[in-house]
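Please consult the sequence and structure shown here before reading on.

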Amino acid sequence: MSTEPGPLTYVYAVARQTERLADVLSGLRGIDAAPVRLLADTSDAGSAPLAFVISPVAHSAFNESALKRHFEDLPWLESVARAHHDVVQAIAAEATVLPLRMATVYEDDTRARQALGGQRGALTRRMSALDGHTEYGVKIYLPPPAAPTTAEPSREAGTPPTTPGKAYLQRRRVQRNARERVYEQARLAATAVEAVAAGFTTQRVRHAPQSGALSGPQENVVNDAYLIPVELAQRFRAGIEDAARDFPEVRIEVTGPWAPYSFAMPPAEAAGAAGGERGP
């Protein structure tokens, strides 16, 4: 007889329980193609009580020790992150959603429901703040540094040839000056973006610039997220794209709309997980 513990309860997000959302989730599949459903806070007497969006996951893959191993497994992380994101985005297309961090799991539905009820006040406040809003990202990239040139700097007729050492220093000075101009463009571009966004956004989060494979050959110097009222979203995007035309030496990228990952759980309100589970 198998001694494998029962499945854990994986939580993707918080939403309000409605018939419309239940219909959206009815054909949705989450991690490992498991069916996704709502787990409501039964102590909430409101007309649309808060609910966790959940699916079962194998204990062997999501218990604490297994997760420590899996977080070093990039293909596994990518698969889980994609499934998590797809569920959250499906909800965001239809309703206000509070995305939870990846690998939020509880021992079972009972423990998950207890955690939901214990955080009802904080979650209700966040839902109210996010109603009618969506997230957009704005990133600013610098082009890769120009490859060093071996061409000798131009000189006036009759002047002696430049020595190799002096020519090298001149080339480096030209490169440094060009790079400084690009950084100045990025600084001015960031100021312009902030000025445009101030007319639309209600909140902003400054993320650390991306590096390595996430940014590619270009250097990411600004990686901000903005919370934008849905009815202003297109004007926000158009305003940023219009401002970008003034800074041709840098690339300004606008992404969205996204579920409000950056604004879902303020740190002061995210510390109330019940029962020691790996919850929000």
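Asp 224 counts as buried, at 7% relative accessibility (buried means under 20% relative accessible area, exposed over 50% and partly exposed in between, with a 1.4 Å probe and protein chains only). The model is predicted: local features need pLDDT of at least 70, side-chain atom pairs count only at pLDDT 80 or more, and totals for chains, interfaces and linings use all residues. Residues are numbered from 1 along each chain as its sequence is written, and side-chain values use heavy atoms, with hydrogens and water left out.

**Salt bridges**

- The count comes to 13 salt bridges, where a salt bridge is a side-chain nitrogen of Lys or Arg within 4 Å of a carboxyl oxygen of Asp or Glu.
- Asp 224 meets the side chain of Arg 204 in a salt bridge of 3.8 Å, N to O.
- This pair links distant parts of the chain, with Arg 204 in strand S7 and Asp 224 in strand S8, 20 residues apart; helices (H or I, at least four residues) and strands (E, at least two) are DSSP runs, numbered from the N terminus.
- Arg 204 is partly exposed, at 33% relative accessibility.
- A salt bridge of 3.0 Å, N to O, joins the side chains of Glu 194 and Arg 206.
- Glu 194 lies in helix H7 and Arg 206 in strand S7, twelve residues apart, and the pair links distant parts of the chain.
- Glu 194 is partly exposed, with a relative accessible area of 31%, whereas Arg 206 counts as exposed at 56%.
- Glu 194, Arg 204, Arg 206 and Asp 224 are linked in a network of salt bridges.
- Asp 242 and Arg 245 also form a salt bridge, with the closest N and O atoms 3.0 Å apart.
- In this pair, Asp 242 is partly exposed at 47% relative accessible area, and Arg 245 is exposed at 61%.

**The four-stranded sheet**

- Four strands form an open sheet in the order S7-S8-S6-S9, with antiparallel pairing; two strands pair if DSSP finds at least two bridges between them.
- Strands S7 (203-206) and S9 (251-258) stand at the edges with a single partner strand each, so one side of each is left without a neighbour in the sheet.
- Neighbouring strands of this sheet are turned by 20° against each other on average, direction ignored.
- S7 is joined to strand S8 (residues 219-229) by four bridges, and the two run antiparallel.
- Arg 206 stands opposite Asp 224 in S8.

**Nonpolar cores**

- The largest nonpolar core has 29 residues, and those with the most contacts inside it are Tyr 10, Tyr 12, Leu 25, Ile 31, Val 53, Phe 62 and Ile 91; such a core is a set of buried Ala, Val, Leu, Ile, Met, Phe, Trp, Tyr and Cys residues joined through side-chain atoms within 4.5 Å.
- Elements giving two or more residues to this core include strand S1 (8-16), helix H1 (19-26) and helix H4 (74-92).
- H4 supplies the largest share of this core, seven residues.
- A second, separate core of 23 residues includes Ala 186, Ala 190, Ala 192 and Ala 197.

**Confidence**

- The mean pLDDT of the protein chain is 83, and 78% of its residues reach 70 or more; pLDDT is the predictor's confidence in each residue, from 0 to 100.
- Among the elements of the protein chain, helix H7 (residues 164-197) has the lowest mean pLDDT (76), and strand S5 (residues 105-106) has the highest (96).
- Over residues 267-280 the pLDDT is below 50, and beyond near neighbours in sequence this stretch has 39 contacts in the model, contact meaning heavy atoms within 4.5 Å.
- Where pLDDT is low, the predicted coordinates should not be read in detail.

Definitions and conventions:
Axes fitted to C-alpha atoms, helices over the stretch in contact; angles between N-to-C directions.
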